[in-house]
Amino acid sequence: MNSKSKIMVLGSCFADGIGKRLQSEGFDVCLNPFGTLFNPASIYSSIERMRGAQPFTERECVEMGANAGKICSFSHHTSFARVEASDFLENANARLKEASRAWEEADTVIITLGTAFVWKHQPEGRIVSNCLKRPGYEFTHELLGLQEVKDLLNAIISAAPEKEFILTVSPIRHLGDGAHSNQVSKSTLLLAEESALDHGRVRYFPAYEILLDELRDYKWYAQDRVHPSPEAVDVIWERFLPWAEAGD
């Protein structure tokens, strides 16, 4: 990766942080064109959508729950939601068109996985990127198996032989299912990303390890004791940029 690279950044809110830092440094970055994505299945689906450039349709419009009074889709973060379906589709498809072009031009792809847990909308069992505040009974919550995550990463990388990939695991803990389940999830992601290194044009950046092993004191965390503090993000960023540019 260098100053002339065209970069696609996909993944969790940690990816948002890294992507914005790259943009502020003048890099050509397309950052999460569907909004923040946490699980590998949703990232895979977003890449397939960009590759195919298939427009979103009214059939994919979903009314948000909790009396939000807005329309979104299960493929998007709620920041894409609009009051009218036509406005949502216009914005979503404009972003998709830009993202499809950016994907084709990108020589570097940075993917940050946040969790191996997924939500499936019933009865079709489709994995969603966002539950859109709809009632919990509409979804089931499941952990992807190690082989499933490996297969998803392999499919993403194999379909883009012209691109270099940088993989990370978000250091932000997902504690909704408890500390143990978070560790199982993160371990699944770490093992899957380790296997992806066999491709040869894939590198792993240890953001997860830097925060949890080197910056383990809670002074490096925000008040919620889950997200890294701005100072911790600074430390990780200062390590990431020279590492990425060095190519090793």
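Predicted model: local features only at pLDDT ≥ 70, side-chain atom pairs only at ≥ 80, totals over all residues.
How many salt bridges does the count come to in this structure? The count comes to eight salt bridges.

**Salt bridges**

| Pair | Closest N to O distance |
|---|---|
| Lys-163 and Glu-162 | 3.2 Å |

Asp-234 has a relative accessible area of 30% and is partly exposed. Arg-21 counts as partly exposed too, at 23% relative accessibility.

Glu-48 is partly exposed at 32% relative accessibility, and Arg-51 is partly exposed with a relative accessible area of 40%.

In the salt bridge of Lys-163 with Glu-162, the closest N and O atoms are 3.2 Å apart. Is Lys-163 buried or exposed? Lys-163 has a relative accessible area of 1%, so it falls under the 20% limit and is buried.

**Strand β1 and its partners**

Strand β1 spans residues 6-11, and five of its six residues are buried. β1 pairs in the parallel sense with strand β2 (residues 28-31) over four bridges. Within this pairing, Met-8 has Cys-30 in β2 as its bridge partner. The chain passes from β1 through α1 to β2, and this β-α-β crossover is right-handed. β1 also runs parallel to strand β5 (residues 108-113), to which five bridges join it. Gly-11 stands opposite Thr-112 in β5.

**A three-stranded sheet**

Strands β7, β6 and β8 form an open sheet in the order β7-β6-β8, and the pairing is antiparallel. Which strands are at the edges? The edge strands are β7 (126-128) and β8 (139-143), each of which pairs on one side only. From one strand to the next the twist averages 45 degrees. Strand β6 (residues 117-121) is joined to β7 by three bridges in the antiparallel sense. In this pairing Lys-120 stands opposite Ile-127 in β7.

**Nonpolar cores**

The largest nonpolar core has 50 residues, of which Met-8, Ile-43, Ile-47, Met-50, Ile-111 and Phe-165 touch the most other members. Helix α3 (residues 85-105) contributes the largest share of this core, with seven residues. A second, separate core holds 27 residues, among them Phe-14, Phe-27, Ile-110 and Ile-172.

Which residues does Ile-43 touch, leaving aside those up to four places away in sequence? With that exclusion, Ile-43 touches Leu-10, Gly-11, Leu-37, Ile-111, Thr-112, Leu-113 and Ile-156. Of these, Gly-11 and Thr-112 are also the residues that stand opposite each other in the pairing of β1 with β5. Met-8, the bridge partner of Cys-30, is likewise one of the core residues that touch the most other members.

Methods: Residues numbered from 1 in each chain as written. Heavy atoms only, no water. Salt bridge = Lys/Arg side-chain N within 4 Å of Asp/Glu carboxyl O. Buried < 20%, exposed > 50% of the residue type's maximum accessible area, 1.4 Å probe, protein only. Pairing = 2+ DSSP bridges. Helix = DSSP H or I, 4+ residues; strand = E, 2+ residues; numbered from the N terminus. Axes fitted to C-alpha atoms, helices over the stretch in contact; angles between N-to-C directions. Core = buried A, V, L, I, M, F, W, Y, C linked by side-chain atoms within 4.5 Å. Contact = heavy atoms within 4.5 Å. Right-handed = clockwise from strand over helix to strand, strands pointing away.
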